[in-house]
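Let's take a walk through this fold together. Please have the sequence and the structure open beside you as you read.

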Amino acid sequence: MHLPARVASRPGDTKGAHQAYERHFRRALDRLHDERRYRVFTDVERISGRFPVAKWRRPDGMTTEITVWCSNDYLGMGQRPEVVAAMIETARCCGVGAGGTRNIAGNNSALVDLERELADLHGKEASLVFTSGYISNQAGISTIAKLIPDCLILSDAFNHNSIIEGIRQSGCEKRIFRHNDHGHLEALLQEAGDRPKLIVFESVYSMDGDVAPIGRICDLADQYGAMTYLDEVHAVGLYGPRGGGISERDGVMHRVDVIEGTLAKGFGCIGGYIAASPTICDAVRSFASGFIFTTALPPAVAAAALTSVRYLKHSNAEREAHQRQAAATKAALKAAGLPVLATDTHIVPVMVGDAERCKAAADHLLEHHAIYIQPINYPTVPRGTERLRITPSPLHGAAHIAKLTAALVETWDTLALD
């Protein structure tokens, strides 16, 4: 964008220039408001030991206790006593920062141990930890694809923005296959011929809660000489005998070339990672700007994540309770006649189909029922499919579910939602 000529031609008029720049930002924000896409963040303070209860600091400054029904801390591991204790003890010993990038400050022991634990979780020889799941996709996909000459990327139509950005930054040619449509994927693989190919997809798609046909995609990859990159962000910790994700649950984990995951959801901490062969991980470590030039995870965070991963490798109680409470929530909402989208996972979308009405429903639940569910609008989901995305946890009991059901029914009646 260019400044108006009269502003640009008056050197020294800094006030006028800044006002012109401000107008650009104001107009961009106005467009978001007009399109009903402006995001409002609720001031929520988690209460350690009382998940899913939290405090809502209202706009008037008053504080109200609420029940959170949309957290991605799916198992409540972020408040698990052992995980909290590991962070506190490591911070006491090592301080709160990492001291810089790993190239400058070196590895910290907790981070090295965490990478070994994650490699073992996914049955791989190596793993590499990043500061977030977004960065691990962005840096991992772009670097891997760049290093493969003439690489064609085949991407599921519903892939997350971090995957889309990783593909874009790779500069490689891409083809989009229809969501979970292995027939369309096969047609694109056939069309690609002998050139190198990278298939990028997710295991659990976080908005619709459906699952990829991982085994079938691996069959196609073997048949047509493609490499596979699987995002297990919404499945690690939650599925499989040790929490390795859907690929572990389905017995196909060994067939996937690169598995990407997060430490911020099922494991309740922060950070992202890839698990793959030592050569792939070393190549990403050596060439990915998003890894090389970013400060490492602090030892205390790595220690907390390490404790969470180790715990969930050996405890199925949380996974079993999670599935049980998710099923109970779905059954209760469906019995009440609410428009629940059927899913095979822990994600429970309640469909609204309009951005303003979705926001109104979320506001009503918070203000009148002390229930927090963030509205999901475009561009996260297509227009006309706006929804409330509910994520039950093992700690949402029968009383929580009953209250949620009654609150949603009252909200649908009061707002005359379809």
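## A well-covered helix

Helix H6 (residues 133-146) is mostly covered, with 11 of its 14 residues buried. Buried here means under 20% relative accessible area, exposed means over 50%, and partly exposed lies in between (1.4 Å probe, protein chains only). Helices (H or I, at least four residues) and strands (E, at least two) are DSSP runs, numbered from the N terminus. The buried residues of H6 include Gly133, Ser136, Asn137, Gln138 and Ile144. At 1.5 Å a residue, the 14 residues of H6 should span 20 Å, and its end C-alpha atoms are 20 Å apart, which agrees. The expected span is 1.5 Å times one less than the number of residues.

A word on the source: this is a predicted model, in which local features need pLDDT of at least 70 and side-chain atom pairs count only at pLDDT 80 or more, while totals for chains, interfaces and linings use all residues. Residues are numbered from 1 along each chain as its sequence is written, and side-chain values use heavy atoms, leaving out hydrogens and water.

## The seven-stranded sheet

In what order do the seven strands of the open sheet come? The order is E4-E10-E9-E8-E7-E5-E6, and the pairing is mixed. Two strands pair if DSSP finds at least two bridges between them. Strand E4 (126-130) and strand E6 (173-177) are the edges, each pairing on one side only. On average, neighbouring strands of this sheet are turned by 20° against each other, direction ignored. Axes are lines fitted to C-alpha atoms, for helices over the stretch in contact, and angles run from 0 to 180 degrees between N-to-C directions.

Strand E8 (residues 226-231) runs parallel to strand E9 (residues 258-262), joined by three bridges; here leucine 230 stands opposite isoleucine 259. Helix H11 (residues 278-287) packs on the sheet, where it touches E4, E8, E9 and strand E10 (272-276). Contact means heavy atoms within 4.5 Å.

Strand E5 (residues 152-156) pairs with E6 in the parallel sense over five bridges, and isoleucine 153 stands opposite lysine 174. Together with helix H7 (residues 161-170), E5 and E6 make a right-handed β-α-β unit. Right-handed means that, with the strands pointing away from the viewer, the path from the first strand over the helix to the second runs clockwise.

## Two nonpolar cores

A nonpolar core is a set of buried Ala, Val, Leu, Ile, Met, Phe, Trp, Tyr and Cys residues joined through side-chain atoms within 4.5 Å. The largest one has 54 residues, and Leu114, Ile199, Phe201, Ile214 and Leu263 have the most contacts inside it. Its largest share, eight residues, comes from H13. Apart from this core lies another of 28 residues, among them Ala54, Ile66, Cys70 and Val352.

Leaving aside neighbours within four places in sequence, the contacts of leucine 263 include Leu114, Leu118, Tyr273, Ala305 and Val309.

H5 has 13 residues and reaches 18 Å from its first C-alpha to its last, close to the 18 Å expected. Leu114 and Leu118 are among its buried residues, which pack against helix H4 (102-105), E4, E10 and H13. After H5 comes glycine 123, with a positive phi near 65°.

Is aspartate 194 buried or exposed? Aspartate 194 is exposed, with a relative accessible area of 81%, and lies in the loop between H8 and E7.
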